[in-house]
Amino acid sequence: MIRRLLKAIVMIPAFAVLVSWAIVNHRPVTVSFNLFDSSDPDLAVTVPLYLVGFTVLIAGVVLGGFAAWLNQSKRRRIGTRLAAENVRIRTELAYLKGQMARPEGRSPVRPTGSANKTLPAA
């Protein structure tokens, strides 16, 4: 409940600021996509200034999220490796517990599956 209240306290003023900024900046501007001749009308678009600002804001959020996702790839890879190692260790533990519970006269039986596999070095 407190989280929703704090979210509302932050989001309502932010939304009010964005709406007021859009109302104030409604005049059209020309955005040119020609790097060499900015007066070329074929590669130019006339849009309201607030639309340019919102587009840049959204593009920044998307690119920032993508950059953070790429930065976390090392942690995801380590997590996957540790999960596989955890499965191997649990399998080996179950095997050893089984060995401890068996009488001395029986021959040991190795478990099948992922316990015999080795993980590649990271």
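Predicted model: local features only at pLDDT ≥ 70, side-chain atom pairs only at ≥ 80, totals over all residues.
Local features need pLDDT of at least 70, side-chain atom pairs count only at pLDDT 80 or more, and totals for chains, interfaces and linings use all residues. Residues are numbered from 1 along each chain as its sequence is written, and side-chain values use heavy atoms, with hydrogens and water left out.

Trainee: In what order do the elements of the protein chain run from the N terminus on?
Mentor: Helices (H or I, at least four residues) and strands (E, at least two) are DSSP runs, numbered from the N terminus. The protein chain has three helices and two strands. Their order is α-β-β-α-α.

Trainee: What share of the 122 residues in the protein chain is buried?
Mentor: Buried means under 20% relative accessible area, exposed over 50%, and partly exposed in between, with a 1.4 Å probe and protein chains only. Accessible areas come from the Shrake-Rupley method with a 1.4 Å probe; for residues, only the protein chains shown count as cover. In this chain of 122 residues, the buried share is 7%.

Trainee: How far does helix 1 reach from its first C-alpha to its last?
Mentor: Helix 1 covers residues 2-24, which is 23 residues. The expected span of a helix is 1.5 Å times one less than its number of residues. The reach is close to that expected value, at 33 Å.

Trainee: How many of the 23 residues of helix 1 are buried?
Mentor: Helix 1 lies largely in the open. That follows from its count of buried residues, which is one.

Trainee: What accessible area do the residues of the nonpolar patch have together?
Mentor: Patches are made of residues with over 30% relative accessible area and no salt bridge: like charges are joined within 9 Å, nonpolar side chains (Val, Leu, Ile, Met, Phe, Trp, Tyr) within 5 Å. The nonpolar patch on the surface is formed by Ile 2, Leu 5, Leu 6, Ile 9, Val 10 and Met 11. One of them, Leu 6, lies in helix 1. Together they have about 630 Å².

Trainee: Which residues gather in the patch of positive charge?
Mentor: Lys and Arg count as positive and Asp and Glu as negative; His and the chain ends are not counted. The place of a charge is NZ of Lys, CZ of Arg, CG of Asp or CD of Glu. One member sits in helix 3 (residues 73-101) and is exposed at 54% relative accessible area. The patch is Lys 74, Arg 75, Arg 76 and Arg 77.

Trainee: Which residue forms a salt bridge with Glu 85?
Mentor: A salt bridge is a side-chain nitrogen of Lys or Arg within 4 Å of a carboxyl oxygen of Asp or Glu. Here the closest N and O atoms are 3.7 Å apart. Both residues lie in helix 3, four residues apart, about one turn. The partner of Glu 85 is Arg 81.

Trainee: How far apart are the closest N and O atoms of Arg 88 and Glu 92?
Mentor: Arg 88 and Glu 92 are separated by about one helical turn because they are four residues apart in helix 3. Arg 88 is partly exposed at 25%, and Glu 92 is partly exposed at 38%. Their closest N and O atoms are apart by 3.4 Å.

Trainee: What separates the C-alpha atoms of Tyr 50 and His 26 in space?
Mentor: Tyr 50 is in helix 2 (residues 49-71). Tyr 50 and His 26 are 24 residues apart in sequence. In space, C-alpha to C-alpha, the separation is 6.3 Å.
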